[in-house]
Amino acid sequence: MELKAYESSGGPALVAVAAGRQAPPQAYSKTASSALGKNVSLASISGPTYVTSQLLVQQAAYKLSDKIFSFSPESFDLDGAVKSWSNEGEKNIHGEATTVVPLQTRTGAGAFALGYIFSKDFDLSKRHIPQTLLAPSLSLRHLRSALDQLSLLYGVASPFVAHIAAADYSANDGLVTDYESALQTAEDLGLGLVSSSSAYEVQHMSLLATLLASVLPTLHVYDGLRTARETLRVVDALSEDSIAEHYKQLSAVAGNLNKRLDAAGKAIELLHAFNEEFGTSYAPFEYHGHEAPETVLVVFGSVESQLAKQVASALAGEDKRVGVVNVRVYRPFVEEAFLEALPDSVRRIAVLGQVRDNVAAEDASIQSALYSDVLTAVSFTDKWAYAPDVVDIKYAASIAQTPSSIASVLLKLSSEDAQAATTFSLHSLDQTQQFTFWDVDNSTAVEAPSVLGTLLAKESTGNVSVHEVYDNLLQGGVVRTDIRSGKTSVEAPYDVDNADVVFVGEEKLLKEIALLKDVKAGGKVILRLPNFKEEDLEKRIPAPARKEIQEKGLQLLVLDTSFSPALEKEAQLLVELAFLKVARPELTAEQLAKFTWIAQDQATLAESADALEQVLRKVEVPASWAELPVDVTFAPLVESITRNSFVPFQKEETEPALDLQDWQSAAKGLAFMEAYGTQSSLRPDLTVKTFTVHVKENRRLTPQEYDRNIFHIEFDLGNSGLTYNIGEALGIHAENDPKQVLEFIQSYGLNADDLVEVPSREDPAVSEVRTVYQSLVQNIDILGKPPKRFFESLAEFATDEKEKKRLEFLGGKEGAEEFKKLSEVDTVTYVDILDEFKSAHPAFHDLVRIVSPLKRREYSIASAQAVTPNSVALMIVVVDWVDTKGRTRYGQATRYLSGLAPGTPTTVSVKPSVMKLPVKDTAPLIMAGLGTGLAPFRAFVQYRAMQKAQGKEIGSILLYLGSRHQREEYLYGEEWEAYLDAGVVTLLGAAFSRDQPQKIYIQDRMRQTIQDIIKAYIKEEGSFYLCGPTWPVPDVTEVLEEAISVEAKQSGRKVDSRKEIERLKDDGRYILEVY
C-alpha cells in the first residue's frame, strides 16, 4: 500500500485568490423557508432563482391572502418566510401586509380560522380575498371538523385554500410523505384538490388552487419531505408583480364562470383559461409514454409524478408499450377527462396508490383512495369493447419511490413477470455531477456542503440542487447531503445513487451504513481521518468497506484535518478545498477568486490551500482488500438512514443557575411582584391543577397484628372545587418524612432556613425560591432511590481519588451488576450514598440539580362523587420492607398517607383513567380486582346501587375479588355482602388463596361460573375490567377466551377467541388497569 500527495490539474488555482474579500458567511439556517442557508426576500424571487418549493408556496400564499393561518411544527418551518415578510411589512396584492396567525395542531384546530371567516365583525369588503392555510398533512385529521363546517357554509364564505405539505411522522418509519390523508379528506368533505409535481410548477399550482377556491374550498398538496425542502434553480420563477398581474386577469375569469356548470365543469373552464394566460398545457390528467401503450400506470404525488413521467418516456423510447397518467386535479374527479387521457390501446391499468402503512399495503381488503375512482371510471364507460383490467398497486407512505421502483412496476406489469425487478437509471443525469456528503451533525465541518452548494450555484451557467436528510437516532445524529450540478435543470427527486464523489466526515459511519453502495464504479471517496497514520489505515476502515472500495475500483483519498495545529480551527475550510480539488479540478484561478468569502481572510485561504499537499493523500488500494477475513463475522449495515427530523438534534441544554439566596431577595419578589414576575399560586411547582383537601377519615382495614397494613383514607373536599369521574385516579403530592429530612440537613451541614432556587417538582423548566427544609420535604426526592446517572454526576464532586473511581465504576457499564445490587437488594437512597462517599459533597444548588424531583403518586379512587359529593376515598396498602442492614423502609407516598391524621390538609390532583362505566346502564359489569385493585369497583358498585335506588334498570354485576385470607383481607367485605343481598351485585366470586390446602385464585372462581360470564359478557354485551397486579392477566384472559369458545360452540359458530378479545379491546369492553 502506497500513499502519495494527491495532484489535480487545477492545483495552482487553489492559491490564486483576489483581494477585497467579503466577510465570512454567518451560520447557515437550513430550513424550508430559506435557500442555500440564506433567507430570501420577497422581491428577490424573480426569474432564475435558487429556491425551495416551500418558499414558492409561501410567496404565492403571502401575495394573494388576507390572512394566513399556519399549523406548522417548529422544525417543519412551513411558515418561516411569511412570518418574516409580515413582520417587515411587505405588501400583498391588496396593498396590505398579510397577517400570519400561527396556531397549534390539536383537537378542534381550525376553529379560530372558522370564527374569523364567519365573524359578525368581518370586513365584507374583503369577502372576495382568499383566506389561506399552511399545514402538514398530519394536521388534517384535527382540521377535519372545521373543514367540514366550512364546506357546508361555503356559499357565504371567503375563498379558502389550504397548501398542504404531505408530511407526517411515524413512530416506526420517521418522517413520511403522506398523501392519503389529503386524498381521503378531499373525497369525504367534497373539497377541491390540486397537486404539484415539482418546484418548477409549484407557483402555478398555488395560483390555480387559489383560483379554484372561488368555486369550492381547495387543497393544494405537494411533497413535504423532498421537493419542499430541496434547494434548486427555477429559471422562470414568477415575481411578485407577475403573480399580481396574472391573478388579476384570472380572478376576473373565475368570477364570470358559467353558473350553470357544476364544480367539475367550472374547474375545467378555469384550467383552460389558466393555460391560455400562461401558455401552458396543464390538464386534470396528463399522459406520458408510448403512443400505443398496453399498460398504463396511474400515479399521484410530487415525486411519483416526476419519476413516472421520466421513466415512462425513457421506456417508450425503448419501444416498451407502457405509459403513465399523472393526476393533477384529483377533486373534482372529472371522469371524462380521465378517460380521454387514456389511449385506446390500453389493456391493463394499474393504480400506484398510497396507503398509510405496510399493514394496509398487505391487507387485501383495503383499497387506495385513487384506485376506487379509477375503477369506477373504467367500469362505467363504453370506450372499450372489453374494459381494461384495473389493479391496485399499494405502497406505504414510508416508501420513497425511485426510478428503479417505478421502472420495476411498469416492467412487471408489461411482462407479467413478477420477478422483473430492475435497476434503472435516467440518462437525463448523464451530464450531471453528483456528490454525497456523510457526517455527524456536530462535526466541525457539517456546514461544508451548504457552503459548497452556494459556491457551485454562483456559477451562472450551472444548475445545482442541494438536499439534506437528518437521522437523529443513529450515531447521535447523522446528516446526509446530496448535491447535483449540471448544465440543464435538475429533475431528480431521489437520493443520489451514482455519486462521482462521496465525502465521509466521520469514519465510524463506515461501520454502520452502507454508504459506499451509492458511489459509481471508479468514483472517488474522500475519507476524513484525523491523526492519520499509514500503519493504522486498515484498522480504521472496516473490512467490508475495504472490499467494496477495491471491487468498485474507487479512488480513496484520506483527509487529515488535524495535521497542522495552526489549521485546527479551519477544518471546514480544509474540507471545502479538498472537495474542490477532487471534484472540480478544472476550476481556474479566476473562477476561484470569486469564492474567497469561504475563508476568514486571504492569508488563511492561501495557507489552507498550501496545506492540502500534506493533509490530502491518495491511497493506493491493494488487491488484498478484496478478501474478507474468514474468521470474522460482520454485522449487517444499514442500507439507508431514516429521515426522522428536519433539523439536527439539540444536544446542549442550558441549565438555570440555582443559587442560595437571602430572605431579602424573596421579600423583593413579594413586594414588587409585577417587576420581578412573581406569581402566587397553590403549589406553583406543579404543572397539573392541584387542590387542597383535608383528611376526613383514616382507618385500617386489616387487623393491627396482620403483616399488611391496608387502609381506607377519605378526604373532605370542602370548597376546593375538586371534581372527579368514576374510575379516575387521585394524584397524591406526598412529602418526605420531616424527621429524616432534618437528620440529613444536620449531617450534611446545611441551614434549614436558607433560601434556595430549585427546579419545580413537575416541570424542571420552572424554578421557585424555597427554604432548604421546604425543598427537601416537598421538592427533592432525597430519600428516594438514585438512578445510575446520579453516581456519574456525583463522581465529579469527589475529592478522594478512590471514591471518585468507585462512583465512576458504579455509574458506568462495568459496574452494572453492583449497581443493580445496591438499587434492588440494598435499596440505598440518595442520603445513603452521600453518607458513604464523604468526599463527594456538592453544594446545595448542585445537589438539587443532580437529585431527581419528587413525583406525585396516583391511586384509583374508591368512591363515586354522585353518591358522596363532598368526599373522595382511596384504598391503599403500605409498602414496607427490611433492607440488608436490618432497617425497616417504607414507600414514600404510602408512609405519608398512612400517617395523616383527620383534618390534615393535603395537596392532590385528578388523573383520567381507562376505567369507565359503559354508556348503557343496562350493560353488565364483570369486574376482577386483586387486593387494592378493588378500589375503582367500589365506585362502580356505589354508582349502580344509586341508580337502582332511583328506580332505574341496571345491568348485572359479576364481582370477582382475590386476596390471601378472608379473615384479614376481605376488603370492604361487609359492603359487598350488603350489595349482594340488595340485588345490586349479581354474583360475588371471592378467591382467598391461602385459606385452604389447595390454592384458589381469581381465575378459578371465574372458570367455576363460566356460564354466568357467557351470559353477561357475550350474550348481554357486558364489559370486563381487571385491576391490580399484572400476573393474573394471562390466566384471566384465558378464561374469557374459553367463555367465547364455549358460547360459539353452543351457537354453532366458529370464532377465533384471541381475535375476539382484540375486538373487545377496541370496543372498550376489555379494560385492564394493572401495575
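This is a predicted model: local features need pLDDT of at least 70, side-chain atom pairs count only at pLDDT 80 or more; totals for chains, interfaces and linings use all residues.

Biologist: What makes Phe791 and Phe819 an edge-to-face pair?

Modeller: Their ring centres are 5.6 Å apart, and pairing requires centres within 6.5 Å. The planes meet at 85°, and over 60 degrees counts as edge-to-face. So the pair is edge-to-face. Phe791 belongs to helix α24 and Phe819 to helix α26, so the contact ties together parts 28 residues apart in sequence. Both Phe791 and Phe819 are buried.

Biologist: And why is the pair of Phe940 and Tyr1025 called edge-to-face?

Modeller: Here the planes are at 80°, with the cut-off being over 60; centre to centre, Phe940 and Tyr1025 are 5.1 Å apart. Phe940 sits in helix α30 and Tyr1025 in strand β41, 85 residues apart.

Biologist: How do you know that the charged end of Arg229 sits over the ring of Phe646?

Modeller: The distance to the ring centre is 3.8 Å, and the limit is within 6 Å, along with an angle within 35 degrees of the ring normal. Arg484 likewise has its charged end over the ring of Tyr494, 4.9 Å from the centre.

Biologist: What makes strand β25 largely enclosed?

Modeller: 4 of its 5 residues are buried, so the rest of the structure largely encloses β25. Strand β24 pairs with β25 in the parallel sense over 5 bridges, while β26 pairs with β25 in the antiparallel sense over 4 bridges.

Conventions:
Residues are numbered from 1 along each chain as its sequence is written. Side-chain values use heavy atoms; hydrogens and water are left out. Buried means under 20% relative accessible area, exposed over 50%, partly exposed in between (1.4 Å probe, protein chains only). Helices (H or I, at least four residues) and strands (E, at least two) are DSSP runs, numbered from the N terminus. Two strands pair if DSSP finds at least two bridges between them. Rings of Phe, Tyr and Trp (its six-membered ring) pair if their centres lie within 6.5 Å; planes under 30 degrees apart count as stacked, over 60 as edge-to-face and the rest as tilted.
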